[in-house]
Amino acid sequence: MIRTMTIEDYDEVYRLWTKIRGFGLRSVDDSREGIKRFLSRNPSTSVVAWEDEKVVGSILCGHDGRRGCLYHVCVDEDYRRRGIGKAMVVYAMEELKKENDYEKKMDFGINTCRSSGNDRSLRRQKGSGNK
(Lines give C-alpha, C1' and ligand atoms only; values in the text may rest on other atoms or scores of the structure.)
Protein backbone atom coordinates (compact mmCIF):
# COMPACT_ATOMS: atom_id res chain seq x y z
CA MET A 1 0.00 0.00 0.00
CA ILE A 2 1.37 3.40 -1.00
CA ARG A 3 0.30 6.42 1.01
CA THR A 4 1.39 9.78 2.37
CA MET A 5 4.16 9.58 4.96
CA THR A 6 3.47 10.79 8.50
CA ILE A 7 5.84 11.21 11.44
CA GLU A 8 4.39 7.99 12.87
CA ASP A 9 6.19 6.18 10.00
CA TYR A 10 9.57 7.55 11.05
CA ASP A 11 10.91 4.52 12.95
CA GLU A 12 10.09 2.16 10.07
CA VAL A 13 11.46 4.57 7.46
CA TYR A 14 14.67 5.08 9.43
CA ARG A 15 15.01 1.30 9.75
CA LEU A 16 14.79 1.07 5.94
CA TRP A 17 17.32 3.86 5.41
CA THR A 18 19.87 2.21 7.68
CA LYS A 19 19.33 -1.18 6.02
CA ILE A 20 20.33 0.06 2.56
CA ARG A 21 24.07 -0.14 1.95
CA GLY A 22 25.60 3.20 1.04
CA PHE A 23 22.54 5.25 1.97
CA GLY A 24 23.72 8.67 3.17
CA LEU A 25 22.10 10.05 6.32
CA ARG A 26 22.63 13.38 8.05
CA SER A 27 22.31 13.49 11.82
CA VAL A 28 20.27 16.72 11.97
CA ASP A 29 18.19 16.65 8.78
CA ASP A 30 17.32 12.96 9.05
CA SER A 31 16.62 12.92 12.79
CA ARG A 32 13.03 12.51 13.98
CA GLU A 33 12.84 16.29 14.62
CA GLY A 34 14.36 17.10 11.22
CA ILE A 35 11.87 14.88 9.40
CA LYS A 36 9.01 16.25 11.51
CA ARG A 37 9.93 19.78 10.35
CA PHE A 38 10.19 18.60 6.72
CA LEU A 39 6.79 16.89 6.87
CA SER A 40 5.17 19.95 8.48
CA ARG A 41 6.36 22.05 5.50
CA ASN A 42 5.35 19.33 3.03
CA PRO A 43 2.38 17.55 4.64
CA SER A 44 1.05 15.57 1.69
CA THR A 45 3.92 14.96 -0.73
CA SER A 46 6.24 12.46 1.01
CA VAL A 47 5.44 8.81 0.46
CA VAL A 48 5.81 5.39 2.09
CA ALA A 49 5.15 1.95 0.67
CA TRP A 50 3.98 -0.66 3.20
CA GLU A 51 4.05 -4.38 2.53
CA ASP A 52 4.18 -7.35 4.89
CA GLU A 53 3.52 -5.00 7.84
CA LYS A 54 6.67 -2.92 7.28
CA VAL A 55 7.87 0.04 5.23
CA VAL A 56 9.53 -1.25 2.08
CA GLY A 57 9.92 2.07 0.27
CA SER A 58 9.97 5.78 0.93
CA ILE A 59 10.42 9.17 -0.68
CA LEU A 60 10.79 12.55 0.97
CA CYS A 61 9.23 15.03 -1.43
CA GLY A 62 8.95 18.78 -1.10
CA HIS A 63 8.73 21.96 -3.12
CA ASP A 64 9.32 25.68 -2.95
CA GLY A 65 6.28 26.54 -5.07
CA ARG A 66 8.28 26.39 -8.29
CA ARG A 67 10.50 23.32 -8.11
CA GLY A 68 9.63 19.91 -6.70
CA CYS A 69 12.40 17.71 -5.31
CA LEU A 70 12.58 14.06 -4.38
CA TYR A 71 14.99 13.06 -1.61
CA HIS A 72 15.90 9.70 -0.09
CA VAL A 73 14.16 7.70 -2.81
CA CYS A 74 14.56 4.07 -1.77
CA VAL A 75 13.06 0.60 -1.94
CA ASP A 76 14.12 -2.35 0.21
CA GLU A 77 16.35 -4.65 -1.86
CA ASP A 78 14.02 -7.60 -1.27
CA TYR A 79 11.09 -5.66 -2.80
CA ARG A 80 12.75 -4.14 -5.88
CA ARG A 81 11.69 -4.84 -9.46
CA ARG A 82 7.99 -4.79 -8.50
CA GLY A 83 7.15 -1.24 -9.59
CA ILE A 84 7.10 0.14 -6.04
CA GLY A 85 9.59 2.93 -6.78
CA LYS A 86 7.75 4.06 -9.89
CA ALA A 87 4.40 3.97 -8.08
CA MET A 88 5.82 6.10 -5.24
CA VAL A 89 7.23 8.68 -7.68
CA VAL A 90 3.88 8.92 -9.50
CA TYR A 91 2.07 9.32 -6.16
CA ALA A 92 4.46 12.09 -5.04
CA MET A 93 4.16 13.94 -8.35
CA GLU A 94 0.37 13.76 -8.25
CA GLU A 95 0.41 15.25 -4.73
CA LEU A 96 2.71 18.04 -5.92
CA LYS A 97 0.28 18.84 -8.72
CA LYS A 98 -2.60 19.06 -6.24
CA GLU A 99 -0.68 21.59 -4.16
CA ASN A 100 0.10 23.86 -7.09
CA ASP A 101 -1.96 25.83 -9.54
CA TYR A 102 -2.23 23.86 -12.79
CA GLU A 103 -1.56 27.06 -14.72
CA LYS A 104 1.94 27.26 -13.26
CA LYS A 105 4.70 25.06 -14.55
CA MET A 106 6.31 22.92 -11.85
CA ASP A 107 9.84 21.71 -12.47
CA PHE A 108 10.87 18.41 -10.92
CA GLY A 109 14.36 17.56 -9.75
CA ILE A 110 15.81 14.54 -8.04
CA ASN A 111 18.40 15.30 -5.40
CA THR A 112 20.65 12.28 -5.13
CA CYS A 113 23.27 11.59 -2.52
CA ARG A 114 26.10 9.57 -3.99
CA SER A 115 28.34 7.33 -2.04
CA SER A 116 31.10 5.00 -3.14
CA GLY A 117 29.32 2.29 -1.13
CA ASN A 118 26.18 2.58 -3.23
CA ASP A 119 27.38 1.24 -6.59
CA ARG A 120 23.90 0.26 -7.80
CA SER A 121 22.66 3.84 -7.36
CA LEU A 122 25.71 5.23 -9.18
CA ARG A 123 25.19 2.83 -12.12
CA ARG A 124 21.48 3.73 -12.31
CA GLN A 125 22.25 7.46 -12.31
CA LYS A 126 24.90 7.09 -15.01
CA GLY A 127 22.51 4.99 -17.10
CA SER A 128 19.78 7.62 -16.82
CA GLY A 129 22.04 10.41 -18.02
CA ASN A 130 22.41 12.10 -14.62
CA LYS A 131 25.84 13.56 -13.94
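**View 1. Ser 58 meets its partner in strand E4.** In E4, Cys 74 is the bridge partner of Ser 58. This is a predicted model.

**View 2. The turn of the E3 and E4 hairpin.** The hairpin has 3 residues between its strands. Gly 65 takes a positive phi there, near 95°.

View 3. Asp 52 lies in the loop between strand E2 (47-51) and E3. Its phi is positive, near 55°, and Asp 52 is not a glycine. Is Asp 52 buried or exposed? Asp 52 counts as exposed because its relative accessibility is 56%, and exposed means over 50%.

**View 4. Glu 53 in the loop between E2 and E3.** Glu 53 is found in this loop. Glu 53 is not a glycine, yet its phi is positive, about 60°. Glu 53 has 78% relative accessibility, so it counts as exposed.

**View 5. The whole chain, for orientation.** How many helices and strands does the chain have? There are 4 helices and 5 strands. From the N terminus on, the order is β-α-α-β-β-β-α-β-α. The chain has 131 residues, and 37% of them count as buried. Its accessible surface comes to about 8,100 Å². Carbon and sulfur atoms hold 49% of that surface. Take the contacts between residues at least 6 apart in sequence: 62% of them join residues at least 24 apart.

Definitions and conventions:
Residues numbered from 1 in each chain as written. Predicted model: local features only at pLDDT ≥ 70, side-chain atom pairs only at ≥ 80, totals over all residues. Heavy atoms only, no water. Pairing = 2+ DSSP bridges. Helix = DSSP H or I, 4+ residues; strand = E, 2+ residues; numbered from the N terminus. Buried < 20%, exposed > 50% of the residue type's maximum accessible area, 1.4 Å probe, protein only. Contact = heavy atoms within 4.5 Å. Areas by Shrake-Rupley, 256 points an atom, 1.4 Å probe, with all protein chains shown as cover.
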